[in-house]
Amino acid sequence: MIVAERKSLDEILAMLQGCSRVLVVGCGTCVTVCMAGGEKEVGVLASLLRLAAQREGRTVEIGETTIERQCEWEFVDGLAPGIRGYDAVLSMGCGAGVQTIAQRFGGVRVLPALNTKFIGIPEKQGMWVEMCLGCGDCVLDRTGGICPVARCSKGLLNGPCGGSQGGKCEVSKDIDCAWQLIYDRLASLGRLDLLEAEFAPKDWSKNRDGGPRKVLREEVML
Amino acid sequence: MESSRVVVVGAGVAGMSAARSLAAAGARVTLVEKGERLGGMAADYACKGTDRCNKCNVCLVHELVRDVKSRPDIDVMTGCTVDWAEALPSGGYRLKVGGREVGCSAVVLATGFEPFDASARPEFGYRVHPAVVTALDLEKALRDGGGIGERFGRPIGSVAFVQCVGSRDLQQGRGYCSRVCCMYSLRMARAVRHRHPSAEVTVFYMDFQAAGKDPADLRRRAETEDGVRFVRARPSEVASAPDGRAVVWFEDLDGGRCRPAEFDLVILAVGTGPGRDTRTLADMFGLGLDESGFFAPADPGDATATGVPGVFVAGMCRGPRDIAESVADGERAALAVLREEAARRAGQRLALSLPVGTWPGRRVLRGQPETIEVSSTVLVLGRTVEGMEAARILSDLGCRAVIVGEEAHPDGSSGLAHSLLARVDEDSSIDVLAGGRLVRLDGQAGGFRATIEGPGGLVSEICAGALIVATGYRREFPEAARGLAGRACVVGLSELGESGVPWAVGEEHRKGGGGRRAVIWVGVRPDTARAVFRQAILAALSALAAGWEVYVLCPEVAVAGPGDEELYLEARRQGAVFVKYEEEPEVQAGSALRVLVRDPCLGAGGAGDDVPGLLAIDADVLVVAEEAYPPPDAPELARVLQVNTGPLGFFQDDNVNLLPVLTNRRSIFAVGGCRGATGVADAMADAHVAAYLAARLVGTGNLHVDWATARVDQDKCALCLTCVRTCPHRAVGVDDEMRAAKISRAACWGCGVCTSECPGKAIALESCSDDEVLARVRPAVTAFCCDHSALIAAQAAMAGLAADDAVGDLNIVSVPCTGKVDIIHLLKAFERGAEAVMVAGCFDEGCHFLSGNRRALLRVGQAASLLKAVGIEPERVRFYHVGPDMSAAFLEAAQETMQVARELGPVMRRRAG
Amino acid sequence: MKSRSNLEWVLAAGHFALTGELGPPQSASAEVIRKKAEYYKGCVDAVNITDNQTAIVRMSSIASAAILAGLGLDPIMQMTCRDRNRIAIQSDILGAYALGVNNILCLTGDHQSFGNHPTSKNVYDLDSVQLIHMVRVMRDEKRFLSGDELKAEPRMLIGAAENPFADPFEYRVVRLAKKVAAGADFIQTQAVFDLPRFSRWMQMVRDRGLHERVYILAGVIPVKSARALEYMKNEVPGMSVPDELIRRMEAAGDPKEEGVRIAVETIQQLREVPGVAGIHLMPMMWEAIAPVVAERAGLLPRPALPAAGLAPASEGPPAGA
């Protein structure tokens with residue numbers, strides 16, 4: 001899932017300077033699941049915006065709505081009635097959601113309430129970790145199903161650097177060394193031989209280094 | 001015979017528990033109480049929660065009172081006694097109660113106890129010296145709130161507890177341990193320190209009689225966090241000092257001199273004795289009494305039966321027991337009544353013809369009633385004595401039982417085990433899958449699907465309505481003695497067998513010549529000691545009888561069980577030497593067994609020249625009492641069952657509401673050794689209660705859900721699994737068809753935690769929806785109060801005074817659990833004009849829903865930081881622990897919150913200029 | 001010979017090699033380099049120039065190495081993968097060789113979060129194995145990584161690092177083998193304090209016959225104080241420092257002297273480990289101590305390059321040894 005995190009309130013309040021009618025829009029998919037921008041977070045943020053205004057003796061009108069997915073035209077269309085009555089739309093979707101709404105409603109100020117972080121999983125309740133970079137050229141077949149591109153701080157392909165100690169990354173004790181995980185996993189699979197082969201330099205053109213990417217499937221097009 | 005009318009005599013803890021249980025099982029109940037109110041002695045007790053729950057279980061009493069009062073099928077008669085009773089020829093009794101004649105099929109006597117009258121020991125100065133009070137006086141003072149010093153008109157710089165006043169005291173004709181005083185004093189000591197942080201507390205005690213889940217932890221906290229000093233001494237006198245303080249004279253351990261110590265307040269921990277009516281009732285119904293004057297059990301295996309048909313006893317009238325044990329005893333007596341009735345119906349199996357009623361011990365909001373078809377099969381994990389006993393009872397109650405697992409049984413129970421094996425074998429309602437192992441459990445209460453892996457990898461699936469976990473415990477030498485296992489002349493206490501000791505073992509191991517000397521080392525945790533100490537004494541006695549010299553080494557003498565003190569004294573009389581050590585004994589390596597132990601009671605003059613009191617015992621045999629540990633597969637089984645484990649790794653959380661056999665999942669019960677109850681008697685009691693509760697839930701094949709539960713709006717559900725993960729009761733699963741979360745109504749406890757955790761706001765609690773909560777939030781200082789604790793306290797507080805005078809306009813919003821309080825509720829309250837908001841709920845580990853209060857505490861913290869981010873003072877939102885009987889504490893909390901509101905003023909600022 | 005490197009000649013001639021390490025200044029001052037170079041003159045066979053070590057910005061290793069080369073020393077230019085993509089690295093290698101740099105040490109590079117620009121973007125387009133491979137292709141196959149022809153190839157001796165004290169331990173030798181296969185001519189290891197672990201690693205190296213395919217130079221750090229050791233033990237990832245060594249430093253009346261003594265002892269013990277071809281001295285900004293350690297370890301004087309330049313290695317011991 002795409003994992004996001006709400007921006008600090010100061011940052012949100014700063015970008016809303018001068019707006020007195022704000023529509024807070026949640027998204028019912030990834031960011032609901034990662035607890036950053038679902039209906040509940042919309043309620044919390046809307047409440048906080050009203051309280052912040054109260055505190056300053058201002059009156060504001062904060063609308064609240066949550067749509068199924070902010071990254072689909074059909075769902076975003078549902079915002080059409082009424083959206084133009086607001087000074088700004090505060091999207092609690094990921095970056096794709098914010099842009100979809102902005103693109104659909106020219107002339108409406110659409111602002112991001114979240115920082116979109118990564119593709120990851122909830123490792124445990126309340127903690128999400130990065131798993132995939134979307135590099136466009138998956139190597140998991142050779143690394144025991146553990147991605148060195150996303151999970152090694154340096155994205156190394158030919159084994160751990162010299163900073164790997166006790167299974168932890170040199171960057172932080174809170175980060176597992178991806179290559180230790182790969183080693184352990186391949187050892188348990190009896191496939192340590194995979195480590196002997198040299199990985200050639202990666203084709204980063206399949207990542208966004210090749211420019212904004214596009215997936216085209218003609219057979220499903222209308 | 002008038003069908004199914006049961007008279008319960010005594011509305012104390014056990015009586016109320018029996019009455020509630022019987023009523024829930026469909027019986028009509030008359031509850032007769034001599035006093036004017038429900039609750040018995042316990043009605044005067046105080047919650048001893050400090051910053052945490054100290055597991056005194058007093059909250060259960062208040063809940064019982066409320067449950068009993070709310071049941072129309074319990075006819076409560078206060079201010080009445082049983083004047084006479086007449087056995088009817090058709091069975092049953094006619095009783096004269098309060099001028100009325102009542103016919104009934106059975107009578108449960110739960111007449112409680114009488115506290116020892118401390119003035120019977122004039123040397124302690126009770127009622128003479130103003131600085132001397134009893135523990136009951138202190139209970140009332142704690143309950144009423146306010147300063148303890150003011151209550152007794154004393155300063156409170158130093159406080160002493162004097163244990164065993166009227167217990168273990170042959171001169172007073174009370175040669176038994178009262179079982180409850182050590183723990184209540186420990187908890188009171190904590191409560192006193194909590195209210196008076198500068199008070200120095202000393203406890204004069206003989207032996208620490210531990211009870212509950214991890215009593216050592218509680219004692220450790222008292223010693224380290226509160227600085228409570230434990231002095232092993234039996235004070236001989238409490239005298240007056242010229243300045244009005246009390247002087248406790250006690251025998252110093254070193255040298256045995258009598259020493260004085262001065263205290264501002266001395267609390268006499270008075271023991272418990274038989275109630276005044278016990279003798280009268282015994283005569284009336286033809287019951288036997290034991291030598292101490294309690295109702296005597298006719299059959300140790302069925303302790304609430306009296307041997308007289310239709311008459312049962314429960315609670316402290318049959319011997320000392322604590323609140324949790326008394327609640328369980330009430331349940332057991334109810335079970336015994338039902339079983340007798342079933343037997344009377346000529347071999348018919350008892351069909352529980354009843355709505356199952358609410359979950360025991362838990363008041364719930366009414367929901368839309370629904371009857372769910374369930375499996376009446378109960379899966380019993382573990383072929384232990386407790387497991388087999390549970391199966392046997394289930395069979396009596398009309399359920400089918402399937403026992404899965406290896407054979408295992410607690411110490412000293414092999415005879416019992418054999419007879420149970422035979423009975424289980426011939427019972428056609430009981431199937432046994434020997435050697436099977438539960439590897440997967442799907443479904444929920446009433447409809448579990450258990451995957452069992454048998455020997456040879458054979459996999460079978462069993463549908464069951466309920467599960468009883470009875471996998472027993474693992475026995476191993478305690479850590480300090482672990483290296484001794486397998487050494488010559490060292491045997492485990494359990495290896496000695498249940499009927500005394502084959503002291504021939506000494507012959508084999510003898511190193512030849514000289515007298516025969518045995519050392520019995522009982523170096524186990526206090527919770528285990530309670531079960532094994534009796535065996536140790538029995539072993540000592542049989543060794544003494546065989547002419548051996550016996551030393552028993554232990555940190556404490558554990559004699560809280562019936563008859564244990566007598567046995568202990570007998571062993572001492574016969575010459576057994578008891579060494580109550582402070583440091584672990586040392587067993588020297590080498591061919592001979594030499595045990596070094598320091599006896600703090602001995603001054604200089606022991607074997608060691610340098611260390612005072614050091615004994616060097618050359619033993620022919622060293623008997624080591626084994627420690628009880630959770631079975632090795634407990635973590636894995638707990639994972640499969642999704643059942644929580646407690647602090648020592650045994651099944652069941654350390655939460656007062658779960659005692660004795662409940663777990664965090666409805667209709668999964670933990671009994672006996674696997675939950676740390678390692679004694680046979682405790683294990684059997686567990687088995688009875690669990691079998692009974694399981695049968696009540698699923699015995700009819702229909703589960704009538706009449707409690708409020710949470711429901712998922714499946715269209716809104718994003719299947720994020722937050723509810724699945726955060727439900728304390730594991731009541732949420734995934735509906736594969738709808739691709740959404742689904743809450744089992746049978747398994748849901750109705751706390752509302754999921755409703756306030758759901759990031760999609762897709763879950764609502766019946767009869768306490770978010771809209772309803774928000775409708776009650778108005779522009780005033782708001783107190784969200786847990787229905788089970790703070791609300792009761794708040795109501796009592798408000799009833800006692802003109803509330804507005806005390807706290808002004810406080811908007812009390814009741815919630816089933818503080819876990820139901822959503823972050824949005826807190827913020828909305830401020831939005832609507834509340835200057836401050838408080839959330840008040842149960843103590844940690846005292847939450848009726850296990851962890852809702854912890855969620856609430858986190859949310860209050862979250863609200864505080866969010867408020868701070870928008871420039872609103874975080875101290876405007878507050879959390880308080882308030883027990884149900886702590887109306888004074890509630891008032892203090894409310895006043896504090898109102899004070900904050902007054903000081904900080906409205907959240908909304910007037911526009912400047 | 002693969003290069004015009006003095007180090008290659010020393011190693012090929014069978015001498016026990018000694019290299020030193022020089023950290024460029026956090027300034028544009030060439031004077032600092034010249035001053036530090038003095039300590040190494042005649043005392044080591046080649047000098048490593050670090051590449052923005054611990055991600056702290058310093059004078060570039062290319063420029064610093066060129067200054068050293070001008071002073072007659074044999075520089076080993078360190079090159080990390082952190083700051084440059086494959087285009088920049090190839091371009092820098094060509095430039096460095098043109099300025100007289102004959103050795104390159106191919107490194108992954110410390111993560112930028114340790115340095116003074118923790119918010120910078122890292123590159124890691126290549127990893128160290130791929131970098132080694134690329135330099136070898138440029139030198140031996142006269143091709144760029146892209147396959148395009150390279151007319152005047154950079155004839156550099158290729159070095160790599162390995163850390164026998166990092167985890168997973170068993171993987172370390174696999175990684176070494178990969179570096180050797182990719183084209184490494186010599187290896188410099190992380191500093192050895194834990195000799196038993198180093199010996200276990202060397203055993204694995206020998207088991208694979210790697211010591212015969214690559215020269216292994218064991219790293220040695222002379223330490224000034226017990227605190228420095230403790231810092232390395234606790235704060236530097238991938239270091240193994242035995243507690244008794246820290247206690248020995250703590251107990252010493254003159255810790256600096258004790259540090260030198262330990263370094264000398266370590267060198268002597270390492271010399272006994274089969275397969276160790278030399279020592280890499282890392283004085284950590286205490287360059288002045290390098291000649292002292294080299295002297296007391298019996299490693300001076302260094303073999304002199306025959307006047308004729310790069311003659312074929314002779315069988316006998318070089319003059320002065």
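Predicted model: local features only at pLDDT ≥ 70, side-chain atom pairs only at ≥ 80, totals over all residues.
User: How far apart do the C-alpha centres of domain 1 and domain 2 of chain A lie?

Analyst: Residues are numbered from 1 along each chain as its sequence is written, while chains are lettered from A and ligands numbered from 1 in the order in which they are written. In chain A, the domain assignment gives domain 1 (2-117) and domain 2 (135-210), such bounds coming from an automatic or database domain assignment. The distance between the C-alpha centres of these two domains of chain A is 37 Å.

User: Of the two pairs of chains in contact, which chains share the most contacts?

Analyst: Two residues are in contact if their C-beta atoms, placed from the backbone, lie within 7 Å. By this criterion no contact joins chain B and chain C, and their closest C-alpha atoms are 25 Å apart. Of the two pairs of chains in contact, the most contacts are shared by chains A and C.

User: Which helix gives the most to the side of chain C that touches chain A?

Analyst: The contact takes 28 residues from chain C and 24 residues from chain A. Two helices of chain C, α5 (128-140) and α6 (169-182), each supply at least two residues of the side that touches chain A; helices (H or I, at least four residues) and strands (E, at least two) are DSSP runs, numbered from the N terminus. With seven residues, the helix that gives the most to this side of chain C is α6(C).

User: How many charged residues has the side of chain A that touches chain B?

Analyst: This contact takes 22 residues from chain A and 25 residues from chain B. On the side of chain A, α2 (30-33) and α3 (39-55) each supply at least two residues, and α3(A) gives the most, with twelve. Ala, Val, Leu, Ile, Met, Phe, Trp, Tyr, Cys and Pro count as nonpolar, Asp, Glu, Lys and Arg as charged, and the others, Gly among them, as polar. Beside seven nonpolar and nine polar residues, the number of charged residues on this side of chain A is six.

User: Why is chain B described as being as compact as a globular protein of its length?

Analyst: Chain B has 23 helices and 46 strands. The comparison rests on the radius of gyration, taken over C-alpha atoms, and on the globule rule, which is 2.2 Å times the number of residues to the power 0.38. Chain B is as compact as a globular protein of that length because the globule rule gives 29 Å for 913 residues, and the radius of gyration of chain B is close to this, at 29 Å.

User: How many residues of domain 5 of chain B are in contact with domain 3 of chain B?

Analyst: The domain assignment of chain B includes domain 3 (372-473 + 651-700) and domain 5 (708-765). The C-alpha centres of domain 3 and domain 5 of chain B lie 28 Å apart. On the side of domain 3 of chain B that touches domain 5, there are two nonpolar, three polar and two charged residues. Seven residues of domain 3 of chain B take part in the contact, and from domain 5 of chain B the number is ten.

User: How is helix α19(B) oriented to helix α23(B)?

Analyst: Two packed helices are described by the angle between their axes and the distance between the axes. Helix α19 (residues 790-799) and helix α23 (residues 887-904) of chain B pack with their axes 8 Å apart, at an angle of about 90 degrees; axes are lines fitted to C-alpha atoms, for helices over the stretch in contact, and angles run from 0 to 180 degrees between N-to-C directions. Angles under 35 degrees count as roughly parallel, over 145 as roughly antiparallel, 65 to 115 as roughly perpendicular and the rest as oblique. The orientation of α19(B) to α23(B) is therefore roughly perpendicular.

User: At what angle do the axes of α9 and α10 of chain C cross?

Analyst: In chain C, C:Leu245, C:Arg248 and C:Met249 of α9(C) make the contact with C:Pro255, C:Glu258, C:Gly259 and C:Ile262 of α10(C). These residues divide into four nonpolar, one polar and two charged. The axes of α9 (residues 243-251) and α10 (residues 255-271) of chain C come within 8 Å, and the crossing angle is roughly 140 degrees.
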